[in-house]
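Hi,

Here is the structure I said I would pass on. Have a look at it first, and then read my notes below.

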Amino acid sequence: MEFDFRGQRAKRPCLHGHLATATRAGISVVDGDSSLKLQQFVDWKVYNVTPIKNKFGYRVVLIYADGTKIPQQKSGFATKKAANTDRDKTLGELYSGTNVVYTSVKVKDFMLFWLKKEMRPRITSGSNETYSNIVNNHVIPAMGNIRMTEIKRSHIQSLYYEEAAASASIARPVKTVMNTSMQYAVNKKIISINPMIDVALPKQVEKKPITPGTLIHKRR
């Protein structure tokens, strides 16, 4: 299946949904670096399934608050039925507010954005040092190249077990960082399901208070 974000507007019958009381969040890479920018779409259109390159697909157009229209082409379906099934799923996600706009954002890009734009302005310098250490020396080396939409509970569990084996004092703040960042991702519609649900630290991890000065270890 292919996802095409080219700036061409489809002219086909469609369903139209106006989001009068809520907005949906998308993210895009800015200037090719690791920074991200949240964008809000307030309206959308989903076009009917049509043949595309000997297969089937359909288009979605997201309309943002500033008037920008971003088309998405979802294609590569072997049958019209399969394309319609996926189209129905997309409609359900749009109506329920769980639709994920950008599917290629990697964990490292999101985590750096979350750390810089969301956390840094509202936490102390000591806490920022702690969070930065966890993100840059533990989370990104472990799963930075995974797409946000591909994170599974098994990824989180593996991270926890590896960190717990290295240092119990690191494992707990790693869990705090992951809990906070993934809930933010869900709230902003970057992912539809929180992968942290029901994932616990290994039982041998001690419950000790953590201070920024203890978090100087790097991931091995």
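This is a predicted model: local features need pLDDT of at least 70, side-chain atom pairs count only at pLDDT 80 or more; totals for chains, interfaces and linings use all residues.

Let's start with the strands. Strand 5 (residues 50-52) and strand 6 are antiparallel and joined by 3 bridges, so they pass the cut-off of at least two. They make a hairpin with 2 residues between them, and K53, which sits in that turn, has a positive phi of about 50°. If you want a place to look, I52 has K55 of strand 6 as its bridge partner.

Strand 6 has a neighbour on its other end of the chain as well: 7 bridges link it to strand 7 (residues 69-77), again in an antiparallel arrangement. Here the hairpin has 4 residues between the strands, and the turn includes G67, with a positive phi of about 95°. Across this pair, Y58 stands opposite K74 of strand 7.

How buried is strand 6? Of the 10 residues in strand 6 (residues 55-64), 8 are buried, so the strand is largely enclosed by the rest of the structure.

Now for the helices. Two packed helices are described by the angle between their axes and the distance between the axes. The axes of helix 2 and helix 3 come within 10 Å and cross at roughly 170°, so these helices are roughly antiparallel to each other. From helix 2, the contact involves V107, K108, M111, L112, W114, L115 and M119; from helix 3, residues including Y131, S132, V135 and M143 take part. Sorted by class, this contact has 11 nonpolar, 3 polar and 1 charged residues.

While you are in helix 2 (residues 107-119), find K116. K116 is partly exposed, with a relative accessible area of 43%. K116 and S132 lie 16 residues apart in sequence, and their C-alpha atoms are 9.1 Å apart in space.

Helix 3 (residues 125-143) also packs with helix 5 (residues 168-187): their axes come within 10 Å and cross at roughly 85°. That makes helix 3 roughly perpendicular to helix 5. On the helix 3 side, Y131, I134, V135, H138, V139 and M143 meet I170, P173, V174, T176, V177 and M178 of helix 5. This contact divides into 10 nonpolar, 2 polar and no charged residues.

Cheers

Conventions:
Residues are numbered from 1 along each chain as its sequence is written. Side-chain values use heavy atoms; hydrogens and water are left out. Axes are lines fitted to C-alpha atoms, for helices over the stretch in contact, and angles run from 0 to 180 degrees between N-to-C directions. Angles under 35 degrees count as roughly parallel, over 145 as roughly antiparallel, 65 to 115 as roughly perpendicular and the rest as oblique. Contact means heavy atoms within 4.5 Å. Ala, Val, Leu, Ile, Met, Phe, Trp, Tyr, Cys and Pro count as nonpolar, Asp, Glu, Lys and Arg as charged, and the others, Gly among them, as polar. Buried means under 20% relative accessible area, exposed over 50%, partly exposed in between (1.4 Å probe, protein chains only).
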